[in-house]
Amino acid sequence: MKEILFSTPLFGLSISFASFFIGVLIQKKTKKSYLNPLLISYALIISFLLIFHIPLEWYMKGGDIINLFLTPATCALALNIYREWKLIKENWLALTLGTLTGSIVSMTFAFFMGKALGFDETVCLSIVPKGITTPMAMAVSETIGGIPSITVLSVLITGITGNVLSPVLINLFRIKDPTVQGISIGTCSHAIGTSKALELGEKQGALSSVALTLSGIVTVALSLIFF
């Protein structure tokens, strides 16, 4: 009976949508940035699977269907570049230097920090693409010999950290320029951080969207060269 209920694709889809919806409601109700809907949904799904002893393979029958949309969602990021082309031309130097520098620092820091903490090289390679959006990060991880599941977790932690701490750091270092705010958030904390940039302002959100796309491209290229 248990297998009939939980081993169908409908179960994975239903619990994913339901847990994310609960996460959105909790954040809207509490207005706490650290109560990120993605983080809440992860916690709810993992707790449910553990409590009822449901194999991950059963959940992934529905989860894999969601994964199918990751690639087209990544391709859709190209729309940001097209829509904000004028803004890119006005800030091309800041975008180029910002995404290049941010990507290099993110990748090298993650790898060598992992080494310093005694992680296996496979784990170190898995967290190299932590600063870019999930579909691109998973592809990079597989290519350079990492473990995609660890990569997904590191991407989630990075994004939520950027979402929560970016306003704090902006105030702490008194960063007034919306261009700097947007590029830095998009480069280091991808789409989850960009949602916070959109709250800060229209220009910050636009530049963050472009920066996350460009940093993804830069990270893919540099990972293949150096790792």
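Helices here are DSSP runs of H or I with at least four residues, numbered from the N terminus. Everything below comes from a predicted model, where local features need pLDDT of at least 70, side-chain atom pairs count only at pLDDT 80 or more, and totals for chains, interfaces and linings use all residues. Residues are numbered from 1 along each chain as its sequence is written, and side-chain values use heavy atoms, with hydrogens and water left out.

**View 1**
Let's start with some open space. On a 1 Å grid over the protein atoms alone, a pocket is an open set of points with protein on both sides within 12 Å along at least five of seven lines, and a lining residue has an atom within 4 Å of a point. The largest pocket holds about 1,500 Å³ of space; a volume is the space filled by probe spheres set on the points, with grid points joined across faces, edges and corners. Its lining takes in 41 residues, and Leu 38, Ser 41, Tyr 42, Val 152 and Leu 156 lie nearest the centre. Who supplies the lining of the largest pocket with at least two residues each? That would be α2, α3, α4 (56-67), α5 (70-75), α10 (134-144), α11 (148-172) and α12 (178-200). Sorted by class, this lining has 23 nonpolar, 15 polar and three charged residues. (Ala, Val, Leu, Ile, Met, Phe, Trp, Tyr, Cys and Pro count as nonpolar, Asp, Glu, Lys and Arg as charged, and the others, Gly among them, as polar.)

**View 1. The second largest pocket.**
Here the volume is about 670 Å³. Of the 27 lining residues, Gly 162, Leu 169, Ser 184, Thr 187 and Cys 188 are the closest to the centre. Helices α8 (92-116), α11 and α12 are the elements that give two or more residues to this lining, and α11 has the largest share, with nine residues. The second largest pocket's lining divides into 13 nonpolar, 13 polar and one charged.

Rolling a probe the size of a water molecule over the atoms shows where empty space is left. A cavity is a set of points where a 1.4 Å probe fits but cannot get out, and the model has one cavity of 30 Å³ or more. About 40 Å³ of space lies in the largest cavity. Residues lining it include Gly 102, Ser 103, Met 107, Pro 129, Thr 187 and Ser 215. Both α8 and α13 give two or more residues to the lining, with the largest share, four residues, coming from α8.

**View 2. Phenylalanine rings in pairs.**
Rings of Phe, Tyr and Trp (its six-membered ring) pair if their centres lie within 6.5 Å; planes under 30 degrees apart are stacked, over 60 edge-to-face, and the rest tilted. The structure holds five such aromatic pairs. One of them joins Phe 11 and Phe 48, which sit 6.0 Å centre to centre with 40° between the planes, making a tilted pair. Because Phe 11 lies in helix α2 (residues 9-30) and Phe 48 in helix α3 (residues 37-51), the pair ties together parts that are 37 residues apart in sequence. Phe 11 is buried at 9% relative accessible area, while Phe 48, at 27%, is partly exposed. (Buried means under 20%, exposed over 50%, and partly exposed in between, using a 1.4 Å probe and protein chains only.) Ring pairs also link Phe 6, Phe 11, Phe 48 and Phe 52 into a cluster.

**View 3. Two neighbouring rings.**
The ring centres of Phe 111 and Phe 112 are 5.3 Å apart and their planes meet at 90°, so this pair is edge-to-face. Buried or exposed? Phe 111 is buried, with 10% relative accessible area, whereas Phe 112 is exposed at 55%.

**View 4. Two residues with positive phi.**
Arg 174 has phi near 55°, a positive value in a residue other than glycine. Arg 174 lies in the loop between α11 and α12 and is exposed, with a relative accessible area of 70%. His 190 isn't a glycine either, yet has a positive phi of about 40°. His 190 is found in helix α12 and is buried at 3%.
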